[in-house]
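Dear colleague,

Please find the structure below. My notes on it follow directly after.

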Amino acid sequence: MKLFSKKSVTAVLSAAALLFTSCDSLADDVLVEPSDWSEGVMETPYYLMSSIGANMYISSDSLHLAWSDDGLTWTAFNSNGAVQTTNSGSNHYRDPSIFRLNDGTFVLLAADFTSSGEIQDLGSRSDLNYWGHPKSTIYVAFSNDLINWTKGHFLKLTEGTGKDGAVRHCWSPRAVYNKQYKCYDIYWVGDNEEGVNEVYLTQTYDFYSVKSLKDNVIYSPGCSVINAAVVKSGSSYYLFARDDDVDFATGSGGDIQVAKSERWGKGFTRISSDYINRVNGQFTPENVMYPCVYKLTDNKTWVMHVNKKNDPTTFSTYVTTDISDSSSWQAASAADPALTFTLPGANIDTSVVMITQEEFDALDAVY
């Protein structure tokens, strides 16, 4: 691996980029047609994990990358240092996710924390109200090679409000290609007027504008949920999220539940009230968050990594070969001692995309 150099620092446009407004509809000629990429037929032998660091420094609240060729052993690029950041406001963002567009290029989506302070530290010039700057926008940038990120801008997803009329936050933005409507769907976590977090969906053709700013809730199980992550298995979609209403006395909340949708865009229903990471009993919260879910190269084993909330540097890993059964998840070491996972340092907010040999070689040459 080559170490990071200033010459390889990603170029990102400054914060002067305009905030793009929404429109109710776009012309037919901007429809996103299916491609070999969206159909999943291209050869992509490497996993690429995006994340941020576990602290609230700028160097931590920036894009970190790691790779694996088997989904088990992960190696950080750039010695686990940041490979991209935004030159806007405080320069912070969180919840980064890289999504491959239908033309084979990439888009980076992240929660906009650019109004937050530099660090959260009583002895610094920090903004101690780190979480108190809700934004209705997300950060967006594009790349052809996963090295150079350009056209950085903010995309507004909602006109909704949170509790007491505050701006609704847009956390954990992720993208899915919608073949039926030939567009991209951004799903994200936002707070409603009662302060309860739900999962919303906003459609776009180009990640510069959205079709509508009207609320479209796709998951609201009756508790506050955060860290939503969706994967597809067969024709069904599975949404993993943390129940954030924690009650240690009753054992409710604080862990990961899974919901299912038979058809994308029609909403998710929780499979059961079980917390899938509580493999030793349902009564004691493990207090984990940030589920990262992907399938191994055997094409049958699903993996979920989670972080301890109070110790985000600690990972736990669970596996199943039946994603439709919420009771089938096991600790990886108990399921198969050969399933030994090595993860890239103290990183959180992780998500995974598949990349080609050529794309991996280019990253390896720079970082």
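In which strand is the place of Ser172? Ser172 is found in strand S9, residues 171-178; strands (E, at least two residues) and helices (H or I, at least four) are DSSP runs, numbered from the N terminus.

Before the other findings, two remarks on the source are needed. This is a predicted model, in which local features need pLDDT of at least 70 and side-chain atom pairs count only at pLDDT 80 or more, while totals for chains, interfaces and linings use all residues. Residues are numbered from 1 along each chain as its sequence is written, and side-chain values use heavy atoms, with hydrogens and water left out.

Backbone angles

Most residues other than glycine have a negative phi. Ser172 has a positive phi, near 50 degrees, and counts as buried at 5% relative accessibility. Buried means under 20% relative accessible area, exposed over 50%, and partly exposed in between, with a 1.4 Å probe and protein chains only. Ser79 also has a positive phi, near 55 degrees. Ser79 is exposed, with a relative accessible area of 57%, and lies in the loop between strand S4 (75-76) and strand S5 (93-100).

Sheets

Strands of a sheet pair through backbone hydrogen bonds, either parallel or antiparallel. Here two strands are taken to pair if DSSP finds at least two bridges between them. S9 belongs to an open sheet of four strands, in the order S9-S10-S11-S12, with antiparallel pairing. S9 and strand S12 (217-219) stand at the edges with a single partner strand each, so one side of each has no neighbour in the sheet. Strand S10 (residues 183-191) and strand S11 (residues 197-204) are joined by eight bridges, and Tyr187 stands opposite Leu201 in S11.

Another open sheet of four strands has the order S4-S3-S2-S21, also antiparallel. Its edge strands are S4 and S21, each of which pairs on one side only. Helix H2 packs on this sheet, touching S2, S3 and S21; contact means heavy atoms within 4.5 Å. Between S3 and S4 there are two bridges, and Trp67 has Thr75 in S4 as its bridge partner.

Nonpolar core

A nonpolar core is a set of buried Ala, Val, Leu, Ile, Met, Phe, Trp, Tyr and Cys residues joined through side-chain atoms within 4.5 Å. The largest one has 23 residues, and those with the most contacts inside it are Leu48, Ile98, Ile355 and Leu363. Its largest share, three residues, comes from S6. Leu48 touches several residues, including Leu65, Phe77, Ile98 and Leu363.

Aromatic rings

Rings of Phe, Tyr and Trp (its six-membered ring) pair if their centres lie within 6.5 Å; planes under 30 degrees apart count as stacked, over 60 as edge-to-face and the rest as tilted. The count comes to 21 aromatic pairs. Tyr46 and Phe360 form a stacked pair, 4.1 Å centre to centre with 5 degrees between the planes. Tyr46 lies in strand S2 (residues 46-53) and Phe360 in helix H2 (residues 357-366), so this pair ties together parts 314 residues apart in sequence. Both Tyr46 and Phe360 are buried. Ring pairs also link Tyr46, Trp67, Phe77, Phe360 and Tyr367 into a cluster.

A charge sits over a ring if NZ of Lys or CZ of Arg is within 6 Å of the ring centre and within 35 degrees of the ring normal. The charged end of Arg100 sits over the ring of Trp37, 3.9 Å from its centre.

Yours sincerely

Conventions: Axes are lines fitted to C-alpha atoms, for helices over the stretch in contact, and angles run from 0 to 180 degrees between N-to-C directions. Lists of a residue's contacts leave out its neighbours within four places in sequence.
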